[in-house]
Amino acid sequence: MEWNWDHAYAVLPQLLKGLVITIEATIVASLIAYILGLAIAIFKMSKSKLVRVSLYWMTEFVRRTPILVQLYVVFYVLPDFGIFLEAFTCGVIVLGIHFSTYTSEVFRAGIDNVSKGQWEAAKSLNYNPYQAWKHVILPQAIPPMIPPLANYLITMFKETPLLAFITVVELFRAADQYSNSYYTYLEPMTLVGVFFLIVSIPSAMIAMKLEKKFKPIKVTR
Amino acid sequence: MNNIIQFENVSKSFGDLKVLNKLNLEVKDGEKLALIGPSGSGKTTILRILMTLETIDDGFVSVNGEYLWHEKNNGKIIPASENHLHKMRDHIGMVFQQFNLFPHLTAIENVEQPQILIKKRSKPEAKDKAEELFNLIGLNDKKDHYPHELSGGQQQRVAIARALAMEPKIMLFDEVTSALDPELVDEVLTVLRKLASDTDTTMLTVTHEMNFAREFADRVLFFDAGQIVESGKPENIFANPEKRRTKEFLKKFINNVN
């Protein structure tokens, strides 16, 4: 089999369209993963044991089942119960929820890192819980979270081809469609790999830079 | 003079450990009190209860004529709501052993932020107040430094300024020099002495610095096993303690220091 530039040029416009979908899916899914992950982390510190235990099992359940199965259930099974979602919506929700169980751990570690004395100082100055979170806890907890969160962003980007299985025409499926029409996999799939690398290698380098920049704030004792 | 703080039969346990046992304590408005005694005797717990960092198991605590941990509702006395605690905390400020400055804010921002958020002061008002306090603590040249760029003694002075900026009626000092290197202790105690002589704020200090307690306090309380063993003017407690346990403690303490 020989590399054919005609195929490479012909598939390019579809791949670029697919890449846009892939990036959109990554952005929306990661926003869901971050916001939901933060909420899970906060509620996991709830005083209610019921809340803590149910969240523990919910996150375990989501994390211990394959993303592909979750995608199929949400896309193909939920309509039987009267819930119809667009493929793209399904995909970002599943991906976002799945990764929120991981990002919640990052948030929790970051929050745990802020000492109890900070809460007590905030309380002694009469900050209400919202003010303590906003002005004292999160500003200290967030910087060390940025590098691991950036790494999850890259991981989510690489998992987006799973959305192809529920009909989302992202980068991989765009290539796959071309391959199926013209019976050639070499050029489309090579280009898909190259596109993924072009985005993920610089992103990983940025994440490493962030890791150096956002060391936890020093506290002298 | 009125009692600004009153403990009536207050008990507090941590698991099986009874830290306060039916404690009764009255503090007059403006009084400077030193709480001394062995570790685990419940001194710090008294401050933490007043700051609402610990709850009580039994009894009543009053601050400024109102129950702290209870409130009246249709003539009935019920446990305090978060709203009530919020209102009561306004009377009280605390300085901690570990300083607990906010590390992401500069020294002056540490003093400004609570005023802006809680006292609803404008930024310029908060800044004026903070600068006045930085003069008092003698750190005008360090006010734009972050806490990790300051020594322990400097951090603790900023923590004192932060608490003072809220203008509480009662200031609580919980072993504020215990985490400091010996050569940094004096700069903090100097600020406390100045406060004690210049303000009519009620001050409660848990301390192991006996010389400081002697000069600073109007009254010294010696604690052991969750109860006040002996209380009186510092000259009496230090020169002529009446109770055996007080004598033993002071003797041991002075021996340890020398």
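A: The secondary structure of chain B comes to nine helices and twelve strands, where helices (H or I, at least four residues) and strands (E, at least two) are DSSP runs numbered from the N terminus. This is a predicted model, in which local features need pLDDT of at least 70 and side-chain atom pairs count only at pLDDT 80 or more, while totals for chains, interfaces and linings use all residues. Residues are numbered from 1 along each chain as its sequence is written, chains are lettered from A and ligands numbered from 1 in the order in which they are written, and side-chain values use heavy atoms, with hydrogens and water left out.

Q: What share of the residues in chain B is buried?

A: Buried residues make up 56% of its 258 residues, and buried means under 20% relative accessible area, exposed over 50%, and partly exposed in between (1.4 Å probe, protein chains only).

Q: And what box do the C-alpha atoms of chain B fill?

A: Taken along the principal axes, the box is roughly 60 × 50 × 35 Å.

Q: What area do the two chains bury between them?

A: Chain B and chain A bury about 2,200 Å², 57% of it on carbon and sulfur atoms; buried area is the accessible area (1.4 Å probe) that two parts lose on being put together, summed over both.

Q: Now A:H98, is that residue buried or exposed?

A: A:H98 is buried, with a relative accessible area of 6%, and lies in helix α4 (residues 87–112) of chain A. Leaving aside neighbours within four places in sequence, A:H98 is in contact with A:V62, A:R63, A:T65, A:I67 and A:Q70.

Q: Last one: what is the phi of B:N9, and where is B:N9 found?

A: B:N9 has a positive phi of about 50° although it is not a glycine, and B:N9 is found in strand β1 (residues 3–14) of chain B. Most residues other than glycine have a negative phi. B:N64 also has a positive phi, of about 55°, and its place is in the loop between β4 (58–63) and β5 (66–67) of chain B.

Key
Contact means heavy atoms within 4.5 Å.
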